[in-house]
Amino acid sequence: MFYIKIFFQYVAQYMKTRMQYRADLFVEFISDLLFQAVNLIFILVVFGHTNLLGGWTRDEIIFIYGFFLVPYALFSSFFNIWDFNERYIVKGELDRILTRPIHSLFQMVLERMELESLFGALTGIAVMVYAGMSLGLVISWADPLLFLLFVIGGMLVYGGIFVMIACISFWADARTSIMPMMYNIGNYGRYPVDIYNSVIRFILTWVLPFAFVGVYPAAYFLGKEEWLLYSFLTPVMGIIFFGISILIWNSGVKRYRGAGN
Amino acid sequence: MDKYLEMIRIRFLMMLAYRTNYYTGILIYSINIGAYYFLWSAIYGEKDAIEGMSVIHMSTYVAIAWMARAFYFNNIDREMAAEIKEGKVAVELIRPYNYLGMKTMQGLGEGIFRLFFFSVPGMVIVSFIFPLQFSADAATWLLFVLSIVLSFFINIQINLLTGITTFFLFNNTGLIRAKRVVIDLFSGLLIPISFFPTWAQDVLKFLPFQGISYVPSMIFTNSFSNNEAVQAIILQGIWVLILIIPIQILWIIAKKQLIIQGG
């Protein structure tokens, strides 16, 4: 209960600060939208030259991309930990975090949230609705619930992976460039995994399970029976990966000695 | 002239000091090349050629486009924005050199460094992983070198333009990001321009972006005839000259209305 109250207080504070610079916020929306449009344009241009991509139609690929945008928007709103090493370990900001009365990871999520990224979820849903209509998909009563479940699962997969990578900083002080690398690997999950070779497919499913953020859960709504098991594994993978990442985080915090002075 | 050459040297040495950052850079670019390689292989499927390019042409195109990007890409626009915001630009303006010329030279130093420590080794590594095809024709290589130098200049001119806008907008992080996305798409880095629908190609023909990535990559993969290549390079050169005009105009206006606070 306390956590929820704190969460909304932080959200309110955040809104106030952002509303101070409306022009900047507006430009950020536009550049986000542009970023999402580029990938869409890529898909549209490519399908001007082919009808199928590894057995998937244009609208199916667009649908997967639209789905991907939703958990990704949630992830980028709440897990802004790509500069964890510099900001919290090197500068010693973590000392302050640890004195706060809520869990350290939750405190960091609150401090670093970027709610404007949530706008990407709306874009994603709009893209899905467009693609779904041209595919003639029918929505059953359970679909909205499953959608929510899969989206949260996907966000937890993403969050889990990035928290684990941030945790490396507890053990190794040196700056690593693994973070930006992960963002690039994450892009692989936007397309059907069957276009990759089996090694990459295995990695995207079990090691760095980015496929659970895009293609696997989206396949359920597209009625792809052969992926059904994977679709329903999405929330499970999310909970497992995020759970492990919290365990690693906790043991990392125990090891943390501060940056001196 | 000496001082400008010295600037190139200093930037080169500065980059050399932090060279470990670049090993992971090569890995990141290879991951990106990999993603597009698999994507294009799936797009081609059974087809032999799309728009006159075979799948092996396409993988070479993707690889060279990314590795060439390592050469021409720089964050001069962001550096300028930071210097203008912090007021450091006032000191820069007093110094006995042309500020924009100096920024160009710094970019060139960075580019030369990345050419030797990023693009070339990266290209070698990538050619072991993916099936690529290199031209054995000396003329192709010559044209490619010429074209890649011009693409560096077009890109840095666009960066200078974006950097100067800081004088008017004060906060242009959003604009810088948007510019990057637009260039990635319209320069032909992600999709060769010839794949766009005809109406889009007609529009892009009148924009400088295709001189950044599309032209050198097409030359490298031998997808242009020598005649086409020469024409494209001349067009690149014309763009370099045209872009000087808006840069100079904006620069003069910016200097007139510049206000430095404190210092």
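**Ground rules.** I number residues from 1 along each chain as its sequence is written, and chains are lettered from A, and ligands numbered from 1, in the order in which they are written. As the model is predicted, local features need pLDDT of at least 70 and side-chain atom pairs count only at pLDDT 80 or more, while totals for chains, interfaces and linings use all residues.

**Chain B, overall.** I listed the elements of chain B and got 12 helices and two strands. Helices (H or I, at least four residues) and strands (E, at least two) are DSSP runs, numbered from the N terminus. From the N terminus on, the order is α-α-β-β-α-α-α-α-α-α-α-α-α-α. Along the principal axes, the C-alpha atoms of chain B fill a box of roughly 65 × 45 × 35 Å. In chain B, 44% of the 263 residues count as buried; buried takes 20 or more other C-beta atoms within 10 Å of a residue's own, exposed 12 or fewer, partly exposed in between, with C-beta atoms placed from the backbone.

**B:S54.** I found B:S54 in strand β2 (residues 53-54) of chain B. B:S54 has 16 other C-beta atoms within 10 Å, so I put it down as partly exposed. B:S223 is 169 residues away from B:S54 in sequence, yet the C-alpha to C-alpha distance is 9.8 Å.

**α1 of chain A.** I took helix α1 (residues 2-20) of chain A next: its 19 residues reach 28 Å from first C-alpha to last, close to the expected 27 Å (1.5 Å times one less than the number of residues). The number of buried residues in α1(A) is zero, so this helix lies largely in the open.

**α2 of chain A.** I looked at what α2(A) touches, with contact meaning C-beta atoms, placed from the backbone, within 7 Å. A:F29, A:D32, A:L33, A:Q36 and A:L40 in α2(A) meet A:F119, A:G120, A:T123 and A:V127 in α7(A).

Note on methods: Two residues are in contact if their C-beta atoms, placed from the backbone, lie within 7 Å.
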